[in-house]
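Morning, everyone. I'd like to walk through one structure today. Please have the viewer open.

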Number of protein chains: 2
Amino acid sequence: MKAYKDLSRDELVTLKAGLEEEYKTAEGKGLSLNMARGKPGASQLAISMPMLDVINSESDMRTELGNDTRNYGDWDGIGECRRLMADMMEAKKDNVIICGNSSLNIMYDTVCRSMLMGVNGSTPWCKLDKVKFLCPVPGYDRHFKITELFGIEMINIPMNEDGPDMDMVEEYVNNDDSVKGIWCVPKYSNPTGISYSDKVVKRFANLKPAAGDFRIFWDNAYCVHHIYEDIQDEILNILEECEKAGNPNMVYMFGSTSKVTFSGSGVSAIATSHENIEYLKQFMTTQIIGHDKINQLRHARFFKDIDGLKTHMKKHAELIRPKFEAVLNTLDSELMGLEIGSWVKPRGGYFISFDAMPGCAKSIVAKCKALGVVLTDAGATYPYGNDPEDSNIRIAPTFPTPEEMEEATKIFVLCVKLAAIEKLLGE
Amino acid sequence: MKAYKDLSRDELVTLKAGLEEEYKTAEGKGLSLNMARGKPGASQLAISMPMLDVINSESDMRTELGNDTRNYGDWDGIGECRRLMADMMEAKKDNVIICGNSSLNIMYDTVCRSMLMGVNGSTPWCKLDKVKFLCPVPGYDRHFKITELFGIEMINIPMNEDGPDMDMVEEYVNNDDSVKGIWCVPKYSNPTGISYSDKVVKRFANLKPAAGDFRIFWDNAYCVHHIYEDIQDEILNILEECEKAGNPNMVYMFGSTSKVTFSGSGVSAIATSHENIEYLKQFMTTQIIGHDKINQLRHARFFKDIDGLKTHMKKHAELIRPKFEAVLNTLDSELMGLEIGSWVKPRGGYFISFDAMPGCAKSIVAKCKALGVVLTDAGATYPYGNDPEDSNIRIAPTFPTPEEMEEATKIFVLCVKLAAIEKLLGE
């Protein structure tokens, strides 16, 4: 296929007329498809239903250590669940605290606590004139919402194919003591799907922060969320690397089973150094007596161990792979060579990140919406909802069926083409 | 029985010798009893076990409105659970937000958010020179820990038999704009067991706070936690009274099922005005995508409605009444008339509050501990752990069996007597 930019004005006009016909036809279909949020599909939720039988009225409700999960206690989680989550996140059990159903909530609390009470004894961030976070872009909108809410200045860091631009990260972190954190989704990144290379992880671990209270917010959301059985990404263990580099307290790792079992009824965890945990403890034990231990027990007994969890994740992969392929095949067959968009084929995670011709993303999302296909808002993958290039669109393929995803993607590519031609024609 | 204060020195010495004999005998028993924390006993947890069968792998997981509880969504809770909790807390469904498993966590978050971001647009409390909370005493140690953690100055307000000293509350709230909140457990108060009279609730609702961001933290922890079937306290509805008084935004009400179903695996809620909810929403929806809706569904289907929940609470009452009676009967038979301690016979809640002779509480707790009977630390019911009279001791009768409670209380009264005599003898 010929690149659009190499087409004559007449050729573009002709092409446009044909696409507009297609658009009209699609308008008549009254579609209602949503590929906006990274929600598991119904078939995925179904595979965790047996977990709901694991604990019933006949169950022994005691932990391995004999504690009654129905009563107060165990503020940091029950042992068997800490072990499971530690294995999932590749951390040590003693470095893991199990929290509620949401790792986002732990991240919010962690930023909030740092704002109000400081980090391991540092000046509370709210007392400082300026607090900045580095935000690899495109990134996760809900991360950016947290830092925006607290008035933290966000600085865009471009994402390369092996992770964030580490020259820029080092420049900021090692020289500017108002830079207090960075948001990272290191594996199957949201939304680009890329995983950080060993070199990038090592450079992170070897940062020499100007601020003693600088922390890496390492959102290990997709640590076991592969799409394929044979091609899987592995990333270096940041906790170990930070320890080796003499920066043991520099990282908070977050994880959850929200996309392993049930979104909203999973368990979440934070993994960090012993010293950080000791500091967190005084706040966490004032905040809550303990999290839902019955649900922790349910998870621990359902999976038994990390192998059980990994077997479970293979079932998820089977279910979501056709959806990713439906999108990717359509993008390949319809857009390859046109030079009006690029995308990365992810090996895991929940998203496909699409970069349209600059200045086209909002138009594409609006056109799709008019046809009943809902995408994440253009700009959402950038701090303040502002994509300076108006280019990035996050596609979330997991919630619809593969057939629906194929249909939705056909609408999507139609809109991508139309938006590109309008742009090229200067409309 | 003759009051100790009316005994001669010789009589006291003789009495003491006998009590010391008893103490030695008790030492040999190697007891291990805990009446420190308000934890449900095993028999209470057992009555909620059938709730674990309500949701299983065959269940329809959709809410009444058709939402899938297994997926993301419904940040403020599912309708049927909001209705249940609203009925329990005597609030309107639309004024209720369901949160996680812990109302303490909502209270912590609410104070934390006010510190960092203010209240409905007010100056964040952390930016003020001084923030004060009124603390009716004796009160709940975990409330005081929250305000202590955030550096909020706590002011003791004496508790009367019908609630806090409202003259003092009005004096502070209506004149001092650094007074931003008050901790209340209005029904079956922790630890005194008293309930606020209608007059007290009305005076609360009709406060004219000097600070526009003053809030009443109304911890309705024991709203349905009666001990008797025939004698039950009712309190006026603070939300309605505040609305009538033109102070609709002045109160946050908190509640949970931690002592209805499972401690740690219940659901919690906040009830407050529409305007407050709209303000909270921007923070809560950034903090979390949604709470555990499967557990909400489990609760809603198990109880069906408020009548189901109230029937369930009768079973709790049956189980804890003998424990309360074991304590109260022993206190009556052993201490009545000695004038070395006073206590209130509660009609609900989880505690019996005991006021020893001033200067004796620490000694009593220490003596009990030495005999293997653990009580809440003396002073814990006061801000900063400091009971100026060293008098109040909180007894939590629910966790042990009635037989154990009787045995523990016998030890307790022995230690009360010994401490009093030591005090009277000037030792």
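Between chain B and chain A, about 4800 Å² of area is buried, and carbon and sulfur atoms give 58% of that. Keep in mind that this is a predicted model. The contact draws 58 residues from chain B and 58 residues from chain A. How many salt bridges cross the interface of chain B and chain A? Zero, by the rule used here. Polar contacts do cross: 18 residue pairs, both partners at pLDDT 80 or more.

Look at the chain B side of that contact. Six helices of chain B each supply at least two residues: α2 (42–46), α3 (51–54), α5 (103–117), α6 (141–149), α10 (274–287) and α11 (293–303). Which helix gives the most? That is α5(B), with eight residues. By type, the side of chain B that touches chain A splits into 26 nonpolar, 20 polar and 12 charged residues.

Now into chain A. Start with helix α8, residues 198–205. Val200(A), Val201(A), Phe204(A) and Ala205(A) are buried there. Those four span an arc of only 140° around the axis, so they sit on the same side of α8(A). A reminder on geometry: an α-helix has 3.6 residues a turn, so residues three or four places apart point the same way. What covers the buried residues of α8(A)? The cover includes β5 (163–164), α7 (166–175), β6 (179–184), β7 (215–219) and α9 (238–244), from chain A.

Compare that with helix α6 of chain A, residues 141–149. Seven of its nine residues are buried, so α6(A) is largely enclosed by the rest of the structure. The buried set is Asp141(A), Arg142(A), His143(A), Phe144(A), Ile146(A), Thr147(A) and Leu149(A). After α6(A) comes Gly151(A), with a positive phi near 70°.

Stay on Asp141(A). Asp141(A) makes a salt bridge with Arg394(A), with the closest N and O atoms 4.0 Å apart. This pair links distant parts of the chain: Asp141(A) is in α6, Arg394(A) is in strand β13 (residues 392–395), and they are 253 residues apart. Buried or exposed? Asp141(A) is buried, at 13% relative accessible area. Arg394(A) is buried as well, at 2%.

Other salt bridges in chain A have partly exposed partners. Arg62(A) and Asp60(A) meet at 3.1 Å, N to O. Arg62(A) is partly exposed at 48%, and Asp60(A) is partly exposed at 40%. Next, Glu406(A) and Lys410(A) pair at 3.4 Å, N to O. Both lie in helix α14 (residues 402–424) of chain A, four residues apart, about one turn of the helix. Glu406(A) is partly exposed at 36%, and Lys410(A) at 46%. There is a network too: salt bridges that share partners join Lys5(A), Asp6(A) and Glu339(A). Over all chains, the structure holds 47 salt bridges.

Last stop: Met88(A), in helix α4 (residues 79–89) of chain A. Met88(A) counts as buried, at 2% relative accessibility. What is Met88(A) in contact with, leaving aside neighbours within four places in sequence? The list is Cys223(A), Val224(A), Ser256(A), Thr257(A), Val260(A), Ile306(A) and Leu309(A). Take Val224(A): Met88(A) and Val224(A) are 136 residues apart in sequence, yet 7.1 Å apart in space, C-alpha to C-alpha.

That's my tour. Over to you.

Definitions and conventions
Residues numbered from 1 in each chain as written. Chains lettered and ligands numbered in written order. Predicted model: local features only at pLDDT ≥ 70, side-chain atom pairs only at ≥ 80, totals over all residues. Heavy atoms only, no water. Contact = heavy atoms within 4.5 Å. Buried area = accessible area lost by both parts, 1.4 Å probe. Salt bridge = Lys/Arg side-chain N within 4 Å of Asp/Glu carboxyl O. Polar contact = N/O pair within 3.5 Å; in protein donor to acceptor, adjacent residues only side chain to side chain. Nonpolar A, V, L, I, M, F, W, Y, C, P; charged D, E, K, R; others polar. Buried < 20%, exposed > 50% of the residue type's maximum accessible area, 1.4 Å probe, protein only. Arc of directions from axis to C-beta.
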